[in-house]
Amino acid sequence: MSTNYFSGMSNRFMKDAPASPASGALPTVLVLGMGDTGILTAGRLSRHCRVIGVTTKPLLVSGQELGLRLTGHAQWRRDYLTPLDRYRRLSRVEIIHGRAIRVDPVARTAALELAGGEHRSLHWDYLVIASGVSNGFWRDDRFETHQLIESRLNAQIEAVTAASSVAVVGGGPSGVSAAYNLKRAYPNKEITLFFSAHELLPGYPKKTQHYHQKLLARQGVVLHGGHRAIVSSDAVTSRLQGGRLEFEAGQPSFQAELIIWAAGRLKPHTDFLPKDMLDAAGFVRTDAHLNVEGYARIFAIGDVAATDPLRCSARNWAYKVLCRNLRARVTERPMPARFNPPSHRWGSIVGPQPTGLRLHGPTGNSHALPRWLVHWLLYPLIVRGFIYGGVRSSRKMSVTQDS
Ligand SMILES: Cc1cc2nc3c(=O)[nH]c(=O)nc-3n(C[C@H](O)[C@H](O)[C@H](O)COP(=O)(O)OP(=O)(O)OC[C@H]3O[C@@H](n4cnc5c(N)ncnc54)[C@H](O)[C@@H]3O)c2cc1C
């Protein structure tokens, strides 16, 4: 059974493989988790360090734009489902299809379980924790192959297509995006959105909240604020199936052929870390330099990092801050950069639409970008080209799938 997922890299992953002479002088940075932030950080650091990325999935399966993902939108696959070997900046990064199961900060090692079932230990000089969170049915830390990811995605889209009534639970950006995009794609389905507060989109400016409340109502989504659904178990919220919803305040129960749980019950992927690195909710205690508190050689970024109340270091250019500071540590300079999170969340909520893309700023003002600009400039040049450093076009995959 092979554990080498990227054919051109095979020997580098063998147990006890000696470091290449060229990499001997460079510090080894181990990045745990190759999602949105792991990719950005690993790619940027690989110009200056030997970088190894460990990940449970051989593709970026982004947690962004749930609504587009569920409606089978081609753009979601193009921009949010990308084999790692297509990122140009990752060509110097060694990638291991595995999961971190323990980190020893004193010995500077990480114990890994590989996708094929074997175990190995890696030594690192610097560690970046970018292992994200589990959320609903669409974000998790399971081992998956490309084939499995595709078949799960197709099954989810089929479940949505087959259901005539869909209940979405949760008024955050994922719930709003799912409800809006489903109703737009399937006007004849009954789409109902339940949320516990009286306003949608907690953490966003009032103007953004009101904008989306009106948008959903205009689209024909039935809105039920003040409805906190009873969660019987985490297993239920991570499945995509029908059922009956009950509510904490005793409102009438609700039956739907499909329930999408987007209730924000995030579970950080941190079981493999020493407990003193974590806050009470299990997120990594991270300072404004993105340095893990008390650990000079360990950094954290993205949804797993407790940087600020909104934990928004997956965005706001935090990967640049982390890379600058880590490099300063390597050269024993003071860390130069600080992460300054905005006080309100911002971004696109319902994603690209046939009419274009609306971006909501941290003050609540919004700007509509026309479709041509999104299609020809924003995604190909700014996101894929500038932010991610170039993504090769689709070709025959060089990934060896595990049996
Ligand atoms: C350019 C950009 C634009 C964005 N725009 C928006 C926006 O408009 N609106 C918005 O709400 N958000 C936006 N976001 C943020 C985004 O929604 C999420 O916050 C982001 O996807 C989280 O990234 P992450 O790397 O923390 O986690 P993930 O992308 O979830 O990656 C974590 C990875 O680690 C793996 N993993 C887990 N445990 C282990 C382990 N033990 N060992 C190894 N691997 C493990 C997981 O399986 C997963 O693959 C944006 C992000 C970026 C980068």
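Colleague: In which helix is Gln75 found?

Modeller: Gln75 is found in helix α3, residues 74–80. Helices here are DSSP runs of H or I with at least four residues, strands are runs of E with at least two, and both are numbered from the N terminus. Please keep in mind that this is a predicted model, in which local features need pLDDT of at least 70, side-chain atom pairs count only at pLDDT 80 or more, and totals for chains, interfaces and linings use all residues. Residues are numbered from 1 along each chain as its sequence is written, and side-chain values use heavy atoms, with hydrogens and water left out.

Colleague: Is Gln75 buried or exposed?

Modeller: Gln75 is buried, at a relative accessible area of 13%. Buried means under 20% relative accessible area, exposed means over 50%, and partly exposed is in between, with a 1.4 Å probe and protein chains only.

Colleague: And which residues does Gln75 touch?

Modeller: Not counting residues up to four places away in sequence, Gln75 touches Tyr80, Pro352, Val374 and Tyr379. Contact here means heavy atoms within 4.5 Å.

Colleague: Turning to α1, how many of its residues are buried?

Modeller: In α1, 9 of the 10 residues are buried, so this helix is largely enclosed by the rest of the structure. Asp36, Thr37, Gly38, Ile39, Leu40, Thr41, Ala42, Gly43 and Leu45 are the buried ones.

Colleague: What covers them?

Modeller: The cover includes the strands β1, β2, β3 (59–61) and β8, together with the helices α8 and α9 (371–387).

Colleague: Take Thr37 in that helix. What is it in contact with?

Modeller: Thr37, in helix α1, is buried, with a relative accessible area of 7%. Leaving aside neighbours within four places in sequence, Thr37 is in contact with Ala130, Ile301, Gly302, Ser313 and Ala314.

Colleague: Which residues come nearest to the ligand?

Modeller: There are 28 residues around the ligand, and Asp36, Thr37, Thr56, Arg139 and Asp303 come nearest. A residue counts as near if one of its heavy atoms lies within 4 Å.

Colleague: How much of the ligand does the protein cover?

Modeller: The protein covers 88% of the 1,000 Å² of accessible area that the ligand has on its own, by the Shrake-Rupley method with a 1.4 Å probe. Two or more residues of the shell come from each of α1, β2 (50–55) and β5 (94–104).

Colleague: Where is Tyr204?

Modeller: Tyr204 is in the loop between β11 (190–194) and α6 (206–219). Tyr204 counts as buried, at 5% relative accessibility. Leaving aside neighbours within four places in sequence, Tyr204 is in contact with Pro173, Gln209, Arg315, His344, Arg345, Trp346 and Ile349. Tyr204 and Ser343 are 139 residues apart in sequence, with their C-alpha atoms 9.0 Å apart.

Colleague: Next, the largest nonpolar core. Which residues touch the most other members?

Modeller: Val29 and Leu90 do, in a core of 33 residues. A nonpolar core is a set of buried Ala, Val, Leu, Ile, Met, Phe, Trp, Tyr and Cys residues joined through side-chain atoms within 4.5 Å. β1 (28–32), α1 (36–45), β8 (126–129) and α8 (318–330) each supply at least two residues of this core, and α8 gives the most, with 6 residues.

Colleague: Last topic: where does Leu290 lie, and what is its phi?

Modeller: Leu290 lies in the loop between β16 (284–285) and β17 (298–300). Its phi is near 70°, a positive value in a residue other than glycine. Leu290 counts as buried, at 0% relative accessibility.
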